[in-house]
Amino acid sequence: MWTGRKTMLTEEEKKEIEAELQEYEQKNAACIEAMKIVQRHRGWLSDEAIRDISEFLGMTPDELDGVATFYSLIFRKPVGEHIILVCDSVSCWIMGYEKIIQHLKTRLSIELGETTADGKFTLLPVACIGACDEAPALIIDGEVYGNLDKSKIDDILVKYGQGAG
Ligand code: FES
């Protein structure tokens, strides 16, 4: 089994990454999973986190950062408590993406890619989430919501602690 070099990863993070490394022949293939693991623990990946992971995997921070930039769900800056991923692929476009995104931006007072001032929500676009038959759709914290309209969005935001507006 591949063993890591000096790193500031926590014991728990190391254990989880090591379990993933056993699934992959190449450590490069495991690096995305490793980043997801550390992100799950820390919320997002700071330069320090990237350095920790790269040391553990025997990669350079630049190599790892290069991989991270290809994945919209690897966050390199702080994100909100809840991450709203709005599908911007074709079915959702046809079924009213524009209205949905506009309503979310108004309700949260942020643009795509931004986080609310209270740190509660981050709004991000994402490619098809596999709920095309329920378009337009979004994901919050891993849960899929489809057949969206303005009032359904209001209900969803209330559920996540955002008062009706
Ligand atoms: S296009 Fe939006 S869920 Fe598939």
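Author: Happy to! A patch, as the word is used here, is made of residues with over 30% relative accessible area and no salt bridge, and nonpolar side chains are joined into one when they lie within 5 Å. Please keep in mind that this is a predicted model. With that said, Val90, Trp93, Ile94 and Met95 form a nonpolar patch on the surface, and together they have about 470 Å² of accessible area. One of these residues, Met95, sits in the loop between α5 (90-94) and α6 (97-108). Met95 counts as exposed because its relative accessibility is 51%, and the cut-off for exposed is over 50%.

For contrast, let us turn to nonpolar residues of the interior. In soluble globular proteins, nonpolar side chains tend to be buried together. Here, the largest nonpolar core has 20 residues, and Ile17, Met35, Leu45, Ile53 and Leu57 touch the most other members. Helices α1 (11-21), α2 (27-42), α3 (47-57) and α4 (61-68) each supply at least two residues of this core, with α2 giving the most, 7 residues. Take Ile17 as an example: leaving aside its neighbours within four places in sequence, Ile17 is in contact with Leu9, Ala34, Ile37, Val38, Phe56 and Leu57. Another core lies apart from this one; it has 18 residues, including Ile110, Tyr145, Ile153 and Tyr160.

His82 is buried because its relative accessible area is 12%, and buried means under 20%. The side chains of His82 and Asp141 make a polar contact at 2.6 Å.

Asp141 deserves a look of its own. Asp141 is found in the loop between β3 and β4 (143-145), and is partly exposed, with a relative accessible area of 45%. Most residues other than glycine have a negative phi, and most peptide bonds are trans. Asp141, although not a glycine, has a positive phi of about 45°. Ser109 is not a glycine either, and has a positive phi of about 55°; Ser109 is found in the loop between α6 and β2. As for peptide bonds, the one from Ala135 to Pro136 is cis, with omega near 0°. You can find Pro136 in the loop between β2 (121-126) and β3 (138-140).

Notes:
Residues are numbered from 1 along each chain as its sequence is written. This is a predicted model: local features need pLDDT of at least 70, side-chain atom pairs count only at pLDDT 80 or more; totals for chains, interfaces and linings use all residues. Side-chain values use heavy atoms; hydrogens and water are left out. A nonpolar core is a set of buried Ala, Val, Leu, Ile, Met, Phe, Trp, Tyr and Cys residues joined through side-chain atoms within 4.5 Å. Buried means under 20% relative accessible area, exposed over 50%, partly exposed in between (1.4 Å probe, protein chains only). Helices (H or I, at least four residues) and strands (E, at least two) are DSSP runs, numbered from the N terminus. Contact means heavy atoms within 4.5 Å. Patches are made of residues with over 30% relative accessible area and no salt bridge: like charges are joined within 9 Å, nonpolar side chains (Val, Leu, Ile, Met, Phe, Trp, Tyr) within 5 Å. Accessible areas come from the Shrake-Rupley method with a 1.4 Å probe; for residues, only the protein chains shown count as cover. A salt bridge is a side-chain nitrogen of Lys or Arg within 4 Å of a carboxyl oxygen of Asp or Glu. A polar contact is a pair of N or O atoms within 3.5 Å; within protein, one must be able to donate a hydrogen and the other to accept it, and residues adjacent in sequence count only if both atoms are side-chain atoms.
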